Number of protein chains: 2
Amino acid sequence: MIKVYGYYPSGNSYKVELLLTRLEVAYEFIHLDLLKGESRNEDFLAMNPNGRVPLVELDGRYLAESHAILSYFAEGTDLVPDDPWERAKMWQWMCFEQYQVEPNIGTARYHITLCKRSPESIGLLLQEKKKEAQKALRTIDDHLADRPFMVSNRFTLADLSLFAYVHVTPEAGIPLTGHDNLLAWLERIRNEPRFIPMTTLDYLETQE
Amino acid sequence: MIKVYGYYPSGNSYKVELLLTRLEVAYEFIHLDLLKGESRNEDFLAMNPNGRVPLVELDGRYLAESHAILSYFAEGTDLVPDDPWERAKMWQWMCFEQYQVEPNIGTARYHITLCKRSPESIGLLLQEKKKEAQKALRTIDDHLADRPFMVSNRFTLADLSLFAYVHVTPEAGIPLTGHDNLLAWLERIRNEPRFIPMTTLDYLETQE
């Protein structure tokens, strides 16, 4: 059985869940509370010296980094284009996600919604993150003006990856209103087969 | 003829040059002076709305993001492992590079060496970047304790990608002394076939 070490409200962990569920691959999700340092203790660092989730355990071996995990499991499925150019464009958007979406939307959301910090206490950093997030959202919205998905005419890893943080942008204090192409694309993704919603922090708190 | 739009001292642009030279693929390098905003003007934004280099032009089409470009050209060569697990580990280290090496070493170096800012003027940001860079260097050095290259027993895209910013770490004000495994690995890479050094900013200034 594949083990996924993750943090439920983490977009990067959610990507792995979205994919494995879509592919009907059975897995056990091991929730680590990042806010309590559970990804920085000795046991976890022995599995992933980089101390980050998600991490996948498979036959006693460990694989880190959400996009490395996605491509490992999705290779050979219709979520990865066969065409070399389309495949390259898929990676282009996944790199864009890790460089311009996650560090801005994800980090702003982490401070505001997960750590419950006041926007004032992280002032300048937050302003910069929001500015960069807005640019990234505009780039995605413009790109979707004349196509249903980011790369080909169907859902690929590029869409799955971008969805994870983009759909929770309001939790970073950034409204999505006005990005109509992007909003329609989020809906298309929610209608994909075996789509599952992200497990929220609120939900977890009701379980405690 | 392939066109590479880049900035000579950029590690991300250098990755593309290292690869194309290694693969003996002919290309024209078009140097844009990022410090003069040459990647943010209308002409460039029409080619890459994201306004970043490197960008590759191929048969009138454009591909951005260094790692998407690397994998497009290297697919099917000995720089990308055939084994699915090794391929996934290659991507793991490339994702690590884009998330923890480039934003820390690359950004610190950009401010200090390329923009010639005083370390004092960027105080706290720089401290944070240096701390994260040190962690990343330690992770790489530890990983290389019992292997010659990052993934398999030979040079792959993971090594090429990491080399680009790691070898100029001293330009970010961070010495590499003490990281002996890492230093030996840098030398092994310099001895790879058709290796080319990075074109430095100093060299460009002597040409003006």
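## Helix packing between the chains

In this predicted model, the axes of helix 4 (residues 84-114) of chain A and helix 3 (residues 66-74) of chain B come within 8 Å and cross at roughly 155°. Axes here are lines fitted to C-alpha atoms, for helices over the stretch in contact, with angles running from 0 to 180 degrees between N-to-C directions, while helices (H or I, at least four residues) and strands (E, at least two) are DSSP runs numbered from the N terminus. Helix 4 of chain A and helix 3 of chain B are therefore roughly antiparallel (over 145 degrees).

The residues in contact (C-beta atoms, placed from the backbone, within 7 Å) are A:Pro84, A:Ala88, A:Trp91, A:Gln92 and A:Cys95 on helix 4 of chain A, and B:His67, B:Ala68, B:Ser71 and B:Tyr72 on helix 3 of chain B. By class, this helix contact has 6 nonpolar, 3 polar and no charged residues (Ala, Val, Leu, Ile, Met, Phe, Trp, Tyr, Cys and Pro count as nonpolar, Asp, Glu, Lys and Arg as charged, and the others, Gly among them, as polar).

## The wider interface

Chain A and chain B each bring 20 residues to the contact. On the side of chain A that touches chain B, strand 4 (61-64), helix 3 (66-74), helix 4 and helix 5 (123-143) each supply at least two residues, and helix 4 gives the most, with 8 residues. That side of chain A has 11 nonpolar, 6 polar and 3 charged residues.

## Confidence and conventions

The complex has an ipTM of 0.94 and a pTM of 0.95 from the predictor.

Residues are numbered from 1 along each chain as its sequence is written, and chains are lettered from A and ligands numbered from 1 in the order in which they are written. Local features need pLDDT of at least 70 and side-chain atom pairs count only at pLDDT 80 or more, whereas totals for chains, interfaces and linings use all residues.

Conventions:
Parallel < 35°, antiparallel > 145°, perpendicular 65-115°, else oblique. Contact = placed C-beta atoms within 7 Å.
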